Amino acid sequence: MPSAATAEARGWIGPAASVVALVTLYRLVLLAFNATDLFVDESQYWLWGQRLDFGYYSKPPLIAWVIRLVTELAGSDAAFWVRMPDALFHAATALILGALGARFWGARSGFWVAVAYVTLPFVAVGSLLISTDTILAPFFAAALLFWVRALGERRLAFALLAGAMAGAACMAKYAGVYFLLGAVLAALVARDWRAGWRYWALMLAGFAVVMAPNILWNLSHDLTTVEHTMDNVGWVREQSVFASLNPAGLLEFFSAQFAVFGPVFFAVLLGLVLRPGGARGRGLLAFALPVLVIVCVQALMNKAYANWAVTSYFAGTVLVVGALRARPGWLKAGVAINAVIALILPLLTVMPGLERNGKPLLARYLGRVALSEEIIALAQREGGLPVLAENRDVLADLFHTGADSGLRFYAPVPQGRAHNYYEQNFALPPQVTAPLLLIREGAPVCDGAPLPPLAVLDTAKGAFANHPLNAYRIDAGCLDALR
């Protein structure tokens, strides 16, 4: 695969790294003043990091390993350190994609690819909250760069590295497998993206070696993560695949992509479907478009969250910037719009009290720690009672906020297959006896009558505003009825 002349491809890294570093520093400084609580998934990922393994209930393990490494080095489990890798991982991704852009279209494109990526709306959000998409990002981008180098320089080592990076992306989130799909489709639509069997063999070998621990973990744990993934897909569990048909969900997901990738860039990407522009464009489109199509189908068949197609936008960013070389005004407009969003979003986390229609803008990220502290204080006042909570969100924060409380936290015993990580690993064991503190919405029935609450918990605002919760002291007779 031909690349830009060496001289033309040089000189971008310094200016690009300076912009990326400034944006990253801005995000890290405001992260230090971030007043939001860890979201349920973030707290869960932190807990996974306290119990290192090769797989977990709902995701592969890489995010847990990263959080554990950072918090160990920092000597703190504070929210800042749990979230700190986000901005750094996206900064690395921006520079990796910049290298790809420079290779294809020269130094100017390399600079703008890096700047365009680091200011994307989904990157701005992903730099505020620790997520599997963020951990996946630099590895997916590196897989793409190494594969292009393998094809262009005919070096087998790069093919092996591409596979290993794709495997690492999959160890963060199974969406990393879209790299393999993109590589196959790119080879079908463009001669320059084709390679001999040895390149494919080494790429797949690298992928398999890195993924092997998680594959073996799943096989030894009843395919737990795979089962959860099927639960998320939803329609594959239905008697009829059309039982959950959701045209409104498709429209919502598709419309959301203008916010995820930015309105100008997503519009340009759609326009490139018909005219991608040469072999490089067709190959990059093969990595971007199929993911969007697959997730659109998922949105129609059941549901899809806005971030489920973010792997489209690694190749998509390079493709869009390359296409806009002849229209620099549109490129700068797209970056400017996204940059405004990228600057505003971190500021909102510093001022979480901002309200709209009487409700905090960031309500889902507020009130979690306060509720946990209230529950912990109540359990300690009652003599250090174990806490049994039915709500996954409540449990997630209790484990993080109450890590040093000396209390034990439990989930209900699952009826059949466990529905979350807490039921899988922290279900109330038979040897735990009453009394304990039960946290739930409705009153448990003991001796034929509803049990009066020990306390009505404060859920007036924030994440639990629509979920009134009470605390109940459960004695032996009632506990037997709850098991």
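Tutor: Contact means heavy atoms within 4.5 Å. This is a predicted model, in which local features need pLDDT of at least 70 and side-chain atom pairs count only at pLDDT 80 or more, while totals for chains, interfaces and linings use all residues. Residues are numbered from 1 along each chain as its sequence is written, and side-chain values use heavy atoms, with hydrogens and water left out.
Student: Which residues does Phe 179 touch?
Tutor: Leaving aside residues up to four places away in sequence, Phe 179 touches Phe 140, Ala 143, Leu 144, Trp 147, Ala 162, Ala 166, Met 203 and Phe 287.
Student: How many residues has the largest nonpolar core?
Tutor: That core has 140 residues, and Trp 147, Phe 179 and Phe 265 have the most contacts inside it. A nonpolar core is a set of buried Ala, Val, Leu, Ile, Met, Phe, Trp, Tyr and Cys residues joined through side-chain atoms within 4.5 Å. Buried means under 20% relative accessible area (1.4 Å probe, protein chains only).
Student: Changing topic, how many aromatic pairs are there?
Tutor: The structure holds 32. Rings of Phe, Tyr and Trp (its six-membered ring) pair if their centres lie within 6.5 Å; planes under 30 degrees apart count as stacked, over 60 as edge-to-face and the rest as tilted.
Student: Why is the pair of Phe 266 and Tyr 313 edge-to-face?
Tutor: Their ring centres are 6.5 Å apart and the planes stand at 80 degrees, so the pair is edge-to-face.
Student: Are Phe 266 and Tyr 313 buried or exposed?
Tutor: Phe 266 and Tyr 313 are both buried.

Conventions. Buried means under 20% relative accessible area, exposed over 50%, partly exposed in between (1.4 Å probe, protein chains only).
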